[in-house]
Amino acid sequence: MDNKIQRSRINDALYEIHRDISVNLSAKELAKTAAYSEQHFHRVFRQVVGETINSYIRRTRLEHVANQLMFDHNSSILSIAEKCGFTSLSSFSKAFKTQFGSTPGKWRITKTSSSGAPYLADPEISAGYQRIKNSPLPEPEILILDKQHVAYVRHKGYGRDIKKAWLLLQAWAMQEKKTTGQQIGLHHSNPAWVELDHCRYVACMTIDEPLKRRGVVNSLTIPGGIHAAFDLQGRYGELLPWVGKILDSWLPDSGYKLQTTPAFVHYRKNQFLAKDDLFDVRLFLPISVL
């Protein structure tokens, strides 16, 4: 089968996984979504994504748990694990320690700042962190967003090579004669503890309705709901430290909890496409009161 078709079908399964990581989805259900037999789905998923479906779901859920443990100090470890799709506390604790080298309880106590984040190993991001670390946080606006239909290209990594995904999406839009919509970047991973090369990013452009013809470019729906919106400006290397600062300094005392749907940015100016490396974005964090 054509690699583009395989990737498109696996993207359908990834969309179901990331739409809400707390939902219990079996490999059988995901295989049906991707229009494969279950056995063939396992093989193609590993070929396209680079890991097994069970490993991918477990790792993604553990990353969400790590987020919740760091920024929600009022909920129990069990309730957070259950919120992120784990049903057994013992198996969850074992998987968490294997993934992060720490028990969930110890992680919650010691992981209180992004000052030692893996992304600081990148010289440009480290320099960006130094530039913004003493800057005051912007005041957020609390909004209820509608769901958004987007065309998208997935990308692995949070480095400068994200530009490739944006160029591909732009080329597709020109070829399909699509009116350029709102540029959106979905951030599936928190680089405070996920290595930059392993972070999952999605370059998106708003469209009026889901695509009927798909290939390298597919379509998904970004969930709506309550979000905290932050207006951020700067140059390449500063955005991830800004996000880390918001999560470290604003979220814990805000009275809100981070939801399991992905955070994203609306680009008014996209640093991956701008010749001067500058960005102007609105960051949306999915939140709830309970």
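Two strands are taken to pair if DSSP finds at least two bridges between them; strands (E, at least two residues) and helices (H or I, at least four) are DSSP runs, numbered from the N terminus. The structure is a predicted model, in which local features need pLDDT of at least 70 and side-chain atom pairs count only at pLDDT 80 or more, whereas totals for chains, interfaces and linings use all residues. Residues are numbered from 1 along each chain as its sequence is written, and side-chain values use heavy atoms, with hydrogens and water left out.

Strand β9 (residues 278–288) has 9 of its 11 residues buried and is therefore largely enclosed by the rest of the structure (buried: under 20% relative accessible area, 1.4 Å probe, protein chains only; exposed: over 50%; partly exposed: in between). Strand β6 (residues 225–235) runs antiparallel to β9 and is joined to it by 9 bridges, with Arg235 partnered by Leu278. Strand β8 (residues 263–269) is likewise antiparallel to β9, through 5 bridges, and Lys269 has Asp280 as its bridge partner.

A nonpolar core is a set of buried Ala, Val, Leu, Ile, Met, Phe, Trp, Tyr and Cys residues joined through side-chain atoms within 4.5 Å. The largest such core contains 63 residues, of which Phe96, Leu169, Trp193, Leu232 and Leu285 touch the most other members. Helix α10 (residues 239–250) gives the most to this core, contributing 7 residues. A second, separate core of 19 residues includes Ala27, Leu30, Phe45 and Val48.
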